[in-house]
Amino acid sequence: MPGLRLTRIDVTNPAPPRLLLASASPRRFQLLDQIALTPDDVVATSIDETPRNRERPRVCVERMAREKADAARRIVAHDASRAQSVILAADTVVALGARILPKTETVEEAAACLRMLSGRAHRVYTSVVVQLPSGRQGQRLVEARVRFKRISAEELDAYLASGEWRGKAGGYAIQGIAGAFVTKLIGSYSAVVGLPLYETAALLAGLGYPVHLNWLTPRSV
């Protein structure tokens with residue numbers, strides 16, 4: 001095609017470093033796999049995810065993502081097969097103004113969150129951290145704005161009965177049934193799911209990870 005310039009990619013380079021996802025979230029794993037960045041390893045980190053007193057949503061989500069990356073690094077530091085991994089961590093927070101909504105664990109929490117979100121706009125913040133074995137790291141913060149329809153009592157009862165809210169920030173998963181509540185989304189859909197794909201790929205590439213290497217292999221979709 002006229003004007004099209006092809007860049008030759010050397011496929012004989014050594015294999016890229018192992019990519020370790022510091023999250024047990026199947027959604028984040030699936031999102032990375034979607035763009036051919038399938039993690040080689042997964043580490044479920046355990047940190048205190050309680051927001052600090054008067055901590056702003058942006059500050060909280062960035063701190064949580066860094067703490068997850070640091071926790072994963074400590075876990076693999078003394079494992080020779082994993083210590084040289086590139087670690088990717090992320091955290092997502094749903095906020096109404098300065099109020100951070102919880103990752104709901106009880107039906108009462110979920111009901112309270114959904115009643116607050118009903119008929120209103122809220123913000124979803126997702127922070128991504130990529131940490132190299134050398135200690136060098138980069139971080140990106142992505143903000144999306146979501147508006148919900150007014151949720152009827154019948155809809156709320158049915159959604160709560162589905163159990164989909166369990167463990168979800170703000171009590172909902174946009175990629176599931178709750179997608180029927182969304183009337184407007186400004187920003188990255190994948191960020192609301194749990195991992196902003198554009199920013200994640202750019203962050204990895206900026207730190208020297210060969211993001212496009214696996215794109216050379218045909219994939220079925």
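Helices here are DSSP runs of H or I with at least four residues, strands are runs of E with at least two, and both are numbered from the N terminus. We're looking at a predicted model, so local features need pLDDT of at least 70 and side-chain atom pairs count only at pLDDT 80 or more, while totals for chains, interfaces and linings use all residues. Residue numbers start from 1 along each chain as its sequence is written, and side-chain values use heavy atoms, with hydrogens and water left out.

**View A. What comes after helix H1: alanine 36.** Zoom in on the stretch that follows H1 and you'll find alanine 36, with a positive phi near 60°.

View B. H1 spans residues 26-34, and its buried residues are Arg28, Leu31 and Leu32. Buried here is under 20% relative accessible area, exposed is over 50%, and partly exposed is in between (1.4 Å probe, protein chains only).

**View C. What covers the buried side of H1.** Among the elements in contact (heavy atoms within 4.5 Å) with the buried residues of H1 are strands S1 (19-21) and S3 (86-96). Helices H2 (57-76), H5 (189-193) and H6 (197-206) are part of the cover too.

**View D. Aspartate 91 and its lysine partners.** Side chains of opposite charge can pair when their charged atoms come close. A salt bridge puts a side-chain nitrogen of Lys or Arg within 4 Å of a carboxyl oxygen of Asp or Glu. Lysine 68 pairs with aspartate 91 this way, with the closest N and O atoms 2.9 Å apart. Lysine 68 is in helix H2 and aspartate 91 in strand S3, so this pair ties together parts 23 residues apart in sequence. Both ends are tucked in: lysine 68 is buried at 6% relative accessibility, and aspartate 91 is buried at 2%. Lysine 103 also bridges to aspartate 91, its closest N and O atoms being 3.4 Å apart. That lysine lies in the loop between strand S4 (99-101) and helix H3 (107-117), so its pairing with aspartate 91 in S3 links parts 12 residues apart in sequence. Lysine 103 counts as partly exposed, at 31% relative accessibility.

**View E. A salt-bridge network.** Arg18, Asp41, Asp79 and Arg82 are linked in a network of salt bridges. One of its pairs is aspartate 79 with arginine 82, at 3.8 Å between the closest N and O atoms. Aspartate 79 is partly exposed, at 27% relative accessibility. The structure holds 12 salt bridges.
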